[in-house]
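Open the model in your viewer and keep the selection tool ready. The stops below go one selection at a time.

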Amino acid sequence: MTSDTPTTTRAFTLSDFDFELPPELIAQHPATERSGSRLLDGSSATVVDRIFRELPGLLNAGDLLVFNDTKVVKARIFGEKASGGKLELLIERVLPGHQVVAHMKVSKKPLVGGKMYLAGGARNGGFDAVLLGRWPDEKGQLFHLQLSDEPHALMEKHGVVPLPPYIERPAGAITHTDSEEDAQRYQTVFARAPGAVAAPTAALHFDEGVLAALAASGVHTASVTLHVGAGTFQPVKTENIAEHHMHSEWYEVPEATQQAIAACKARGGKVIAVGTTTVRTLESWSKFGQASGDTEIFITPGFEFQVVDRLITNFHLPKSTLMMLVSAFAGYEHIMGLYRHAIAQQYRFFSYGDAMLLKRTAPGSQPS
C-alpha cells in the first residue's frame, strides 16, 4: 500500500527517520506514578521540560481530549503441537464462532487441520486449537485458528500480557511475560473494549487526578476504539517508504464522539488526540467516511490532517511508521530537534517512557 501523501512533498526515505538511541533510555518499568512521567512540551518553537501532571494547565476550556479506550488482552499463549513441539501464539484478532487470527512462533508450522494443545490442552485444564489456514489469504503471515471455547475467556484464564519486544524481564522468566506490575500498568485507567495486543501508551500517563483536573478546567473528553495489533512493532524494511505495506487494525468512532468533535470545532476548541492510535482512527474516519472498520492508513510527511489539532504521544522507535506520523503532524525538522533534546535530557523512551505534546503544523512549516 502506498502512503497517504501528496506527490508534491519532499521524498523522504527510511534513513531520514533514523537516530541513535542509548539503550539505557529505553524504559523497562513504568514511572512510580502514572502522571509523574516527564512531558516534553513541543507545542511551540520554544521547547519546555515539564511533568505530565501539568497537562491540564496547557489546555483550554472547551478543548476536547480523545482517548483510545481499547483494552489489552492476555493474548500470548504457550502450548505444543500434537508432535510435542513447543509453540507460542499471539492472538491478534477474535472472529465469530470461537475463531481467532494469530501470530505463531514454532520451529515447524503445523499442517492445516493440525491440532494444538494450549496451556496443557483441554484434557489438562487448558484448551485445544485447530489450524484452519493462513489469514487473510493463503499467503498471509497470520494463522486462522478454531478454538475449543470462547477466546476472550480463554485468554483471560491462560494468557499473559504481551509486552513489547524491547521490554526485558529477568532471566528464567517466560520471555516477555507479564508481572503483577505489568498487568496493572500496561493498561490505561479507562480501558473498556478488549482486543488490543499492545497498549495505547500515551494514555498510560493519565490517572484519576489528571482526569479530575482536566474536567475541572473545562476540558471535554471522548473516546474511540482502535485495537492495537502486533504490527505496530513491525519494522519498515524498504528505504522507499512508499513501498511499505501498513498492517490492518480495527477501529470505531462512536456517534457520541463524532458529535463531541463537531461541537468542539463549532465552539473554537482544539481536538487533542491521546496517542497515534487515536490519530489514525480519527483521520481514517475523516478520510474514508467510515465510522468503523479496518484501517491501513499510512501517515507520512505531507499528509493533510482534517480532525486532530494537538497530539500527546510517547517517544517512538527509529525508522518506525510512528516517527513518520509525528513528523507529518508537527514537522520533520521540529520532531528531530525534539528527539535530540529528549536524548540529551535523558527522557525515557517507548511504551513505559515519557510523553510529549505536539501542535499540528502545515506541511513544510515549523511551529511558531
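Select Phe19, Tyr166, Phe233, Phe315, Tyr339, Tyr347, Phe349 and Phe350: they form one aromatic cluster. Rings of Phe, Tyr and Trp (its six-membered ring) pair if their centres lie within 6.5 Å; planes under 30 degrees apart are stacked, over 60 edge-to-face, the rest tilted. The model is predicted: local features need pLDDT of at least 70, side-chain atom pairs count only at pLDDT 80 or more, and totals for chains, interfaces and linings use all residues. Residues are numbered from 1 along each chain as its sequence is written, and side-chain values use heavy atoms, leaving out hydrogens and water.

By the ring rule there are 18 aromatic pairs. Zoom in on Tyr166 and Phe233, an edge-to-face pair at 6.0 Å centre to centre and 80° between the planes. Tyr166 is buried at 14% relative accessibility, while Phe233 is partly exposed at 25%. (Buried is under 20% relative accessible area, exposed over 50%, partly exposed in between, with a 1.4 Å probe and protein chains only.)

Next, select helices α6 (321–330) and α7 (332–344). Helices are DSSP runs of H or I, at least four residues; strands are runs of E, at least two; both are numbered from the N terminus. The two axes come within 7 Å and cross at roughly 120°. Axes are lines fitted to C-alpha atoms, for helices over the stretch in contact (heavy atoms within 4.5 Å), with angles from 0 to 180 degrees between N-to-C directions. On the α7 side, Tyr339 is one of the contact residues.

Finish at strands β8 (115–118) and β9 (127–135), which run antiparallel and are joined by 4 bridges. Leu118 has Phe127 of β9 as its bridge partner.

Key
Two strands pair if DSSP finds at least two bridges between them.
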